[in-house]
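Visitor: I am new to this structure and would like a close look at one strand and its neighbours, and then at how charged side chains pair elsewhere in the chain. Please take me through it slowly.

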Amino acid sequence: MLQRIIITVIVCLSGFSLSAQNTEKNEEEDKRNLTREMTLEREYDPIVQDAAKVNTLPLVKEMTVQKRPIVYSDYTISLFPEKQLNVLPDGTTPMDVLHSVRNGYLHASGGMFMNFVGDFGYHLLNNSNSKLGIWFSHRSANGNVRFLNNDTLKRKAVINDNIGGIDFNHRFNKSVLKLGGKFGYSAFNYYGVPTNRAAVRYVVTSSYDDANSVYEQDYDTDTNQGNRLINAYAALASTDKTALGYHFGVDFSNFNQKYSMNADSKGMTENHFKIDFGLSSAVNDGKSFGADITANVLTYTAPDVISYSIPDSAFKTHFNGTINPYFLLEKDTWRLLLGVNLMLVSQNSETDFLASPNISLTARIADLSVFYTDLKGGIESNSMAELSRLNRYINTFFTADASKTWADLTLGFRGSPAAGFWFDVFGGFKYTEGEVFFNPSSYAFTDKCFPNMSMTYQPVSQRVQGGLELKYDYRQVVDFYLKGVYYHYTVKDIDTWKNAASVRLSNYYESENESTKPLGKPSLVINAGVNVRPVKPLTISLDYTMLSGMYAGYYDDTFDYKIDKMPAVNDLRLRSSWQFTDQFSLYAQLNNLLFRRHEIFYGYPLQPFSVMGGFNVNF
């Protein structure tokens, strides 16, 4: 009876367009398990794309590096925190409601530049069948930063991110129900250096031929932008006890930006509806058939902006949908998936149909080694809520188009040839139409405009990558990890007025087919670290991050458009933590030990050397 009542509630919720959060199938495993759509931060891990996502056979067990406390990053950019309360996996897999002995957690820390962090979560209900949890996270900073090209100029960088939510999971005999939602608000200022340098002092006249009056541009670096997110979801999925597997979910997100180009213009509003549905049926001998259907509808309320600056189609409804039929064959030593993605994209008054393969193979070569390959494709909706998580300084003056990936190939070999040692060697190729690149821009001819807002530039991109990942653990006393990925992009400019989100760099490119730089994307990413535990309660960690090969475009003092290579990011962090009991620990952390001045987004310098400390409590 209870099951019937719950299913009835789900149908009603879907009728009122409430949402189910069935985690998106994408390239990063972290994004499969959480969908926080605000700009929260954790320790820096800026991998452009996880090229090593694979299905691993049971005999190859990956060594797990000990999880570190979530602390405030010294980087003023948006990254994903890990949600502490357990969330359900994708509805296409068997689903269990996990529960732990501890019902709550509290993490708090503070440091220089008024860096403050707070995380709280509590299971109001936590047993083998049901779980009801609430959670809240806070990240804030308020301190001066110095620009790279000016030793004396400083500006205050303000960040205040808050998000909280509620999640409910219940396991029936043959199904799992998931309900919940979240609310978030992020405040921050556009403290970056103006990207239109000539506009700091330019000529304003009644006609373009008369240049008599000089106007000193007054940029607004003090007003705090406000991004608000409201989300609700509902989902129902079968367990492994059913002969016919299924999952169904609806998800709704409302994203609003307080301002547009300046504090006198209202921002845009985006409504994102998503529906997921899938069926699967086992045949025999490890064979099964299935199909997944996903649909996304994005509607907009246009911001207060200069009308001639926006194409008529910019804020019309965007729609994309995918049907994915597949055949799965699993044996003792290998796993083969054969499928196809049939996609439809409707945006900017045009409708496109495309198809991409959905093929993967995982095969054990020896007892402790695996070969894997994936050839896939798909659609990324690129909602403004999603993009604001990656870059808080994004300009919602234009909406972004969906990215259409025709082919995404990954080849790799991973294994564990010795006790405690694990490796992964991989490479791949990706072809995407409308891939998102962030590039700085400013609207100097708007009074008191924000000086540096990132535009989404969406050309055709071809990317070749290769990488290596190593991990080693010696009796849980010392462990080491290293991951390096090299990316080579071939980027072709397109008719971007057909693509409402992009800015055509016509002052730089002579033709639409001229190759350009992958703006804002690093060509080399390295992450490394070591953990040492000289005595049981003490852990000393050293982490290093390097990004190089990033480019940015801007207008110089003569109004010429230039693309320059940005300085490489080299960041070293030292952390020491003491675990008093299984419930309480203290830690201290030193950030930017190399005392470097660097930036991820052009014109937005990151915090210099800083110290912070905090505690973690499980209860």
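Predicted model: local features only at pLDDT ≥ 70, side-chain atom pairs only at ≥ 80, totals over all residues.

Guide: Strand β9 covers residues 244-257 and is mostly covered, with 11 of its 14 residues buried. On one hand, strand β8 (residues 224-238) runs antiparallel to β9 and is joined to it by 11 bridges; within this pairing, Ala235 has Gly249 of β9 as its bridge partner. On the other hand, β9 is joined by 13 bridges to strand β10 (residues 269-282), again in an antiparallel arrangement, and here His247 stands opposite Gly278 in β10.

The model has 12 salt bridges, and one of them joins the side chains of Asp352 and Lys404, at 3.0 Å from N to O. This pair links distant parts of the chain, since Asp352 belongs to strand β14 (residues 350-366) and Lys404 to strand β16 (residues 403-418), 52 residues apart. Asp352 is partly exposed, at 29% relative accessible area, whereas Lys404, at 6%, counts as buried. Asp352 and Lys404 are also linked with Glu433 in a network of salt bridges.

Another salt bridge brings together the side chains of Asp479 and Arg533, at 2.7 Å from N to O. Asp479 lies in strand β21 (residues 478-492) and Arg533 in the loop between β23 and β24, so the pair ties together parts that are 54 residues apart in sequence. Asp479 counts as buried at 3% relative accessibility, and Arg533 counts as buried at 14%.

Key. Residues numbered from 1 in each chain as written. Heavy atoms only, no water. Buried < 20%, exposed > 50% of the residue type's maximum accessible area, 1.4 Å probe, protein only. Helix = DSSP H or I, 4+ residues; strand = E, 2+ residues; numbered from the N terminus. Pairing = 2+ DSSP bridges. Salt bridge = Lys/Arg side-chain N within 4 Å of Asp/Glu carboxyl O.
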